[in-house]
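User: Please pick a single part of this model and take a close look at it. Then show me how the rest of the chain is put together, in plain steps.

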Amino acid sequence: MNEQFIDSNSLLNKKEILSEFISSQLLAGRSEKTIQNYSHTINQLNDFIDNNEQAKNQGFYSLESIELFFRYGILERNWSKYTIWTKYKNLNPFFKWCEQKRKVNKNPLSEMVKPKMPLQAPKALNESEVNSLIEAVMNFPTQYRFTKLRNIAIIFIILYTGIRRKELLDLRVEDVDMLNGFIRIEHGKGDKYREIPIEQKTLKPALISYLDYRHKLNKTSQWFFNGTFGNHSKDNNKLTASAIDRLFRQLREMLNYKISAHRLRHTFATFLLDNTGDIYTLKELMGHTKISTTCIYLKSTRKKKVEAINSISFV
C-alpha cells in the first residue's frame, strides 16, 4: 500500500482538505470558473477512489491510484486528449498545494508523464453561418423591445470584440466608452486589463440603440447588460449567465448548428486573423497571456493558406 497522506486520519477529511484548498485559491485571486473546474475534477477523483477497491488499496492520492483514475477515464469514459490534459491541469495545483501544506508526502503527478496540450484548431462559424446568425437575432421573436435590442447588442459585441461571456456579464456602463470608441475589460482572465476598439459600422449602432432604449426605461444599474425585469437600482439587475445560455440555446434551435458565446469568440479571432494576419494584435485583443495560446488560430485560418498557394508562380 503506497499511502501518500502524512496523517492517515486525513483520509476521513477529504472535504476539509478540498475546502482549505478552495479558500487558498480564492485568496490567490483565481476566477470563479477556474475554482469550479478544480473542484469538479478533485471531486471526480475522490469519488473514483472511494468506489474503486483497487485504487483504494493502492493508497489515497498515491501515484498508482491517480494512474488508475486516468486509465479509467481513457478506457471506460473515452476521454479525449484534451480532457486528459484538462484533468491533469486541474489536479496539479491541488497536489502542489497538498505537498506544500504537508497534506501529502509528495505530489503524485510529479512522477507521471505530463500530457501534452493538444493543439486543437478552434471551431469558428463560417461566413454563411455568421450571416444566418445575424439574420436570426435581428428577427428573433421577443415580447419586449428591450430584450430584442439587448440580444442584438450581445451577439454583436461578442462577434466584434471576442470578449468572454463572463467579461460581457461583468461590463459596467462606465466600461463602454462610446465617446472615444473603446470597451474596457477591467478584470479579464488572470485579472488582466485590456481595451478593445468599438467597431463603427455595425457594433456601435447596435450599442447606441440598446443604450437609448435602456435610458428610456430608466434603467440605472451600473451593469451594462440588464435583465428585462428586476430592480432598477444602481447595484442590481445584472444580466445572468443563465439568460445568456438561454439565448444561445434558442438560437441553436432556430439555426440547427452549434453556437455559443465561446464559439463566437473563436469566430472573431479567426476572421480577424484571416483578414489581417496580425497575431500580436489579436493576442492583445483576446487577452491572452502567452502568444502560444493565440497561435492555435493559425491552424484554423484557410484564407491566407489559399492566398499563399495561389501566389506561387513557376512559369
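Analyst: **Asn92 and the chain around it**

Asn92 has a relative accessibility of 14%, so it counts as buried. The cut-offs are simple: buried means under 20% relative accessible area, exposed means over 50%, and partly exposed is in between (1.4 Å probe, protein chains only). Keep in mind that this is a predicted model, in which local features need pLDDT of at least 70 and side-chain atom pairs count only at pLDDT 80 or more, while totals for chains, interfaces and linings use all residues. Residues are numbered from 1 along each chain as its sequence is written, and side-chain values use heavy atoms, with hydrogens and water left out.

Where does Asn92 lie? It belongs to helix H5, which covers residues 81-100. Helices (H or I, at least four residues) and strands (E, at least two) are DSSP runs, numbered from the N terminus. What does Asn92 touch? Set aside the neighbours within four places in sequence, and its contacts are Asn107 and Leu109. A contact here means heavy atoms within 4.5 Å.

Now look at Ile42, in helix H2 (residues 32-50). Ile42 has 0% relative accessibility, so it is buried. Leave out residues up to four places away in sequence, and Ile42 touches Leu18, Phe21, Tyr61, Leu91 and Phe94. Ile291 is another matter: 249 residues separate it from Ile42 along the chain, and their C-alpha atoms are 29 Å apart.

Salt bridges come next. The structure holds 12 of them. Each is a side-chain nitrogen of Lys or Arg within 4 Å of a carboxyl oxygen of Asp or Glu. One of them joins the side chains of Lys103 and Glu20, at 3.1 Å from N to O. Lys103 sits in the loop between H5 and H6, and Glu20 sits in helix H1 (residues 14-27), so this pair ties together parts that are 83 residues apart in sequence. Glu20 has a relative accessible area of 29%, so it is partly exposed.

Arg165 and Asp245 also form a salt bridge, with their closest N and O atoms 2.6 Å apart. This pair links distant parts of the chain: Arg165 is in helix H8 (residues 165-169), Asp245 is in helix H10 (residues 241-255), and they are 80 residues apart. Both ends are partly exposed: Arg165 at 32% relative accessibility, Asp245 at 35%.

Asp170 and Lys238 make a further bridge, 2.7 Å from N to O. Asp170 lies in the loop between H8 and strand S1 (176-177), and Lys238 lies in the loop between helix H9 (203-216) and H10, so parts that are 68 residues apart in sequence are tied together. Asp170 is partly exposed at 24%, and Lys238 is partly exposed at 32%. Arg164, Glu167 and Arg194 go beyond a pair: they are linked in a network of salt bridges.

Next, the open space. The second largest pocket holds about 440 Å³. A pocket is an open set of points on a 1 Å grid where a 1.4 Å probe fits, with protein on both sides within 12 Å along at least five of seven lines; lining residues have an atom within 4 Å of a point. Its lining has 18 residues, and Leu159, Tyr160, Glu199, Phe268 and Phe271 lie nearest the centre. Which elements supply at least two lining residues each? They are helix H6 (127-138), helix H7 (145-161), strand S3 (194-197) and helix H11 (261-276). H11 gives the largest share, six residues.

At the surface, Ile309, Ile312 and Phe314 form a nonpolar patch with about 400 Å² of accessible area together. Such a patch joins nonpolar side chains within 5 Å, from residues with over 30% relative accessible area and no salt bridge. Phe314 follows helix H14 (303-310). Its relative accessible area is 79%, so Phe314 is exposed.

Finally, step back to the whole chain. There are 14 helices and three strands. The C-alpha trace spans about 70 × 65 × 35 Å along its principal axes. Of the 315 residues, 43% count as buried. Among contacts with a separation of 6 or more, 57% join residues 24 or more positions apart. The chain exposes about 18100 Å², with carbon and sulfur atoms supplying 50% of it; the areas come from the Shrake-Rupley method with a 1.4 Å probe.

Methods: Patches are made of residues with over 30% relative accessible area and no salt bridge: like charges are joined within 9 Å, nonpolar side chains (Val, Leu, Ile, Met, Phe, Trp, Tyr) within 5 Å. Grid points are joined across faces, edges and corners, and a volume is the space filled by probe spheres set on the points.
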